Amino acid sequence: MESKRSMGNITLEEGYAETKLADSETGYKMSIPVCNAVIPPCWRNTVLKVAEAFMYAYDMFYGRTPEDIYVDGNLTVCLDRGVPNARKYWLYIVIVAEEGGTEQDYRIEIPILPGYRHFEEVRQCFLSEFQAMLGIGQEAVDERE
């Protein structure tokens with residue numbers, strides 16, 4: 001069941017919370033949706049703030065706001081060793097603007113650089129999720145069952 005969180009005509013898609021590993025142009029990557037429990041709520045708020053800024057810019061450019069905006073975001077890390085830290089961590093946001101029965105997708109990529117104040121927090125999210133995928137820390141849960 002897909003859940004949503006609305007703010008005016010902006011809807012944050014919260015139905016996809018599973019972490020994914022995928023191949024990409026820069027090698028393998030791990031993506032964690034911002035609605036995943038391992039991600040601090042501030043990242044959901046960041047996605048909504050970007051969507052608000054998008055709606056404002058859309059209004060300034062077109063002289064109107066879209067009827068509805070759907071937004072989704074994830075934190076992504078490139079796992080290959082050859083990728084420099086400045087290109088390794090990203091916040092990806094997808095905005096779908098709906099107007100007059102048509103939809104237009106917009107993609108926004110925001111790098112998360114090592115000097116950013118929440119950088120270690122972001123890195124820890126990936127480490128925690130990777131450990132969970134490997135079953136590290138699961139032993140205590142398995143022993144109780």
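Visitor: How many bridges join S6 to strand S7, and do they run parallel or antiparallel?
Guide: Ten bridges join S6 to S7 (residues 102-111), and the two strands run antiparallel. Keep in mind that this is a predicted model. As one example of the pairing, Val-94 has Arg-107 in S7 as its bridge partner.

Visitor: What sits between S6 and S7?
Guide: Two residues, which makes the pair a hairpin. Gly-100 is in that turn, with a positive phi of about 60°.

Visitor: Is S6 enclosed or open?
Guide: Largely enclosed by the rest of the structure, because nine of its eleven residues are buried.

Visitor: Let me zoom out. How many helices and strands are there in the chain?
Guide: The chain has three helices and seven strands. Along the sequence the pattern reads β-β-β-β-α-β-β-β-α-α.

Visitor: What share of the chain is buried?
Guide: Of the 145 residues, 35% are buried. The chain exposes about 9,000 Å², and carbon and sulfur atoms supply 52% of that area.

Visitor: What about contacts between residues 24 or more positions apart?
Guide: They account for 55% of the contacts in the chain that have a separation of 6 or more.

Visitor: Back to the strands. What does S4 pair with?
Guide: S4 pairs with S3 (residues 20-24) in the antiparallel sense over five bridges. It also pairs with S5, again antiparallel and over five bridges. On the S5 side, Ser-31 stands opposite Thr-76.

Visitor: How many residues lie between S3 and S4?
Guide: Two, and the strands form a hairpin.

Visitor: Why would you call S4 largely enclosed?
Guide: Because five of its seven residues are buried.

Visitor: Now the core. How many residues does the largest nonpolar core have?
Guide: It has 28 residues. Those with the most contacts inside it are Trp-43, Val-71, Leu-75, Leu-91, Ile-112 and Phe-126. Strand S2 (10-13), strand S4 (27-33), helix H1 (41-62), S5, S6 and H2 each supply at least two residues. The largest share, eight residues, comes from H1. As general background, nonpolar side chains tend to be buried together in soluble globular proteins.

Visitor: Ile-112 is on that list. Which residues does it touch?
Guide: Leaving out residues up to four places away in sequence, Ile-112 touches Trp-43, Leu-75, Asn-85, Tyr-89, Trp-90, Leu-91, Phe-119 and Val-122.

Visitor: How far apart are Ala-86 and Ile-112?
Guide: They are 7.6 Å apart in space, C-alpha to C-alpha, and 26 residues apart in sequence. Ala-86 lies in the loop between strand S5 (68-78) and strand S6 (89-99). Apart from its neighbours within four places in sequence, Ala-86 is in contact with Pro-111 and Leu-113.

Visitor: And how exposed is Ala-86?
Guide: Ala-86 counts as partly exposed, at 45% relative accessibility.

Visitor: Switching to charges, how many salt bridges are there?
Guide: The count comes to one salt bridge. Glu-99 forms it with Arg-64, and the closest N and O atoms are 2.5 Å apart. Glu-99 lies in strand S6 and Arg-64 in the loop between H1 and S5, so the pair ties together parts that are 35 residues apart in sequence.

Visitor: Are those two residues buried or exposed?
Guide: Glu-99 is buried, with a relative accessible area of 18%. Arg-64 is partly exposed, at 39% relative accessibility.

Visitor: Last topic, the surface. Which residues form a nonpolar patch there?
Guide: Leu-21, Tyr-28, Leu-79, Phe-130, Met-133, Leu-134 and Ile-136 do, with about 690 Å² of accessible area together. Helix H2 (residues 119-134) gives the largest share of the patch, three residues.

Visitor: Where does Leu-79 lie?
Guide: Leu-79 lies in the loop between S5 and S6. Its relative accessible area is 39%, so Leu-79 is partly exposed.

How values were computed: Residues are numbered from 1 along each chain as its sequence is written. This is a predicted model: local features need pLDDT of at least 70, side-chain atom pairs count only at pLDDT 80 or more; totals for chains, interfaces and linings use all residues. Side-chain values use heavy atoms; hydrogens and water are left out. Helices (H or I, at least four residues) and strands (E, at least two) are DSSP runs, numbered from the N terminus. Buried means under 20% relative accessible area, exposed over 50%, partly exposed in between (1.4 Å probe, protein chains only). Contact means heavy atoms within 4.5 Å. Patches are made of residues with over 30% relative accessible area and no salt bridge: like charges are joined within 9 Å, nonpolar side chains (Val, Leu, Ile, Met, Phe, Trp, Tyr) within 5 Å. Accessible areas come from the Shrake-Rupley method with a 1.4 Å probe; for residues, only the protein chains shown count as cover. A salt bridge is a side-chain nitrogen of Lys or Arg within 4 Å of a carboxyl oxygen of Asp or Glu. A nonpolar core is a set of buried Ala, Val, Leu, Ile, Met, Phe, Trp, Tyr and Cys residues joined through side-chain atoms within 4.5 Å. Two strands pair if DSSP finds at least two bridges between them.
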